[in-house]
Amino acid sequence: MKIRHLSLRDFRNFESIELNFNSNINIFIGDNAQGKTNLLEAIYLLSTGRSHRVSDEKLMIRKDSEMAVCKAVVDTDVQLQLKVVLHDKGKTLFYQNQPLKKSSEFIGKMNAVLFSPSDMDLFETSPKDRRKLFDVELGKIKPFYMDLLTQYVKVLKDRNVYLKGSEIDDDYLEILTSKLISLQVEIIRYKTGFVDRLNQIVTSYYQRLSLSKSSIKIAYQGPVEWSDHLQYDLIDKYRRNLDRDRVFKLTHVGIHRDDYIFSMDNQFVTSVASQGQKRLIIVALKCALIEVIEEMSGDKPILLLDDVFSELDKQKRIALFDVLHLNTQTMITTTDLEDVQLWLKDQITVFEVKGGKVFERSSIL
Ligand SMILES: Nc1ncnc2c1ncn2[C@@H]1O[C@H](COP(=O)(O)OP(=O)(O)OP(=O)(O)O)[C@@H](O)[C@H]1O
Ligand SMILES: [Mg+2]
């Protein structure tokens, strides 16, 4: 999957721009606050229907304008036309020039995987954010997974509301619990399968990026250990927690409490990894995600790397270019072109971003 053309009107600090992309590496260079991240945000918006930075979508409309328009032409087996219009009443999504009623019909038509500097919080942040990352990525591959999660959240809410009620009928509580368990068995199967596959490849990306022999492991911590008798283990755990649930009027067991723990050479990443190593672990994870999403969906996503070079030394920057030299279309923002690999020059287009204007450079240096 390759994005050929991007057109923005009154989006963030861009009044009107039209860009044609290289199908390999595109570098956006510019000083701070010139619009580099805004460009990646526009591409992310066209991929997911949402911003990765703000929930108030009006903030993306250029100051003093009434609406913003983002358009992309994407090559897959067929050519896709995607459009997002942001206006004072919200947003309208278009696919092949037709307005869509549901955003689920738009999400993932153009698949993109983003590295954002805020991903660096992944290891220290709450389990909720880690769950979100894996849920979003898995949802891109298996829209059915998102449906299961939505059903789970609904039944969980029903169960918690019921536990708070004045009278509790054991049989009805049992029905809600069984529903919750059967949904989880499927959800946990997806999650463990996904993490297992990522674990098979993430270390090799990390080793190539870090020029080291360290191994990376992601451990999925669900409500019970994965086994062939998952359902029985869940039933047992719910039973053992029933009194607690009733006293606190809350569901204590379930995937709404699960987590993903990262380790490097069998030690917690949070305890041992440096800033640069953490950055490379996340980049390795994103590269692994690209590969797994491609395997499962048949289309290679676009890789968006925002400010990925900060904190990386020269050797690691060069290693990153080596890894990117796959046929993944990549968009990179940076404040300088140091260490850009000249041997890749045929595969790189450099765009200068300055005060909301974008110029394509005729040569990369
Ligand atoms: N709705 C808006 N209308 C006009 N300008 C906006 C809007 N939203 C953000 N901006 C401007 O966009 C600029 C920030 O752009 P962006 O975050 O893309 O910078 P950047 O080039 O990525 O910088 P850095 O290197 O510091 O990350 C700021 O100057 C900000 O004022
Ligand atoms: Mg930025």
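Helices here are DSSP runs of H or I with at least four residues, strands are E runs of at least two, and both are numbered from the N terminus. This is a predicted model, where local features need pLDDT of at least 70, side-chain atom pairs count only at pLDDT 80 or more, and totals for chains, interfaces and linings use all residues. Residues are numbered from 1 along each chain as its sequence is written, with chains lettered from A and ligands numbered from 1 in the order in which they are written.

View 1. The C-alpha trace spans about 70 × 50 × 35 Å along its principal axes. For 365 residues, a compact globule would have a radius of gyration near 21 Å, and the protein chain agrees at 23 Å (taken over C-alpha atoms; the globule rule is 2.2 Å times the number of residues to the power 0.38). Buried residues make up 35% of the 365; that label takes 20 or more other C-beta atoms within 10 Å of a residue's own, with C-beta atoms placed from the backbone.

**View 2. The shell around ligand 1.** Here we have 18 residues, and N13, N32, K36, T37 and N38 come nearest; being near takes a C-beta atom, placed from the backbone, within 6 Å. Helix 1 (residues 36-48) gives the most to this shell, with three residues. By type, the shell splits into four nonpolar, nine polar and five charged residues (Ala, Val, Leu, Ile, Met, Phe, Trp, Tyr, Cys and Pro are nonpolar, Asp, Glu, Lys and Arg are charged, and the others, Gly among them, are polar).

**View 3. Helix 8, residues 275-297.** Since 17 of the 23 residues are buried, helix 8 is largely enclosed by the rest of the structure. Just after helix 8 comes G298, with a positive phi of about 90 degrees.

View 4. Domain 1 brings 17 residues to the contact and domain 2 brings 18, a contact being two C-beta atoms, placed from the backbone, within 7 Å. On the domain 1 side, helix 9 (residues 314-324) supplies the largest share, six residues. That side divides into seven nonpolar, five polar and five charged residues.

Conventions:
A residue is buried if 20 or more other C-beta atoms lie within 10 Å of its own, exposed if 12 or fewer, and partly exposed in between; C-beta atoms are placed from the backbone. The expected span of a helix is 1.5 Å times one less than its number of residues.
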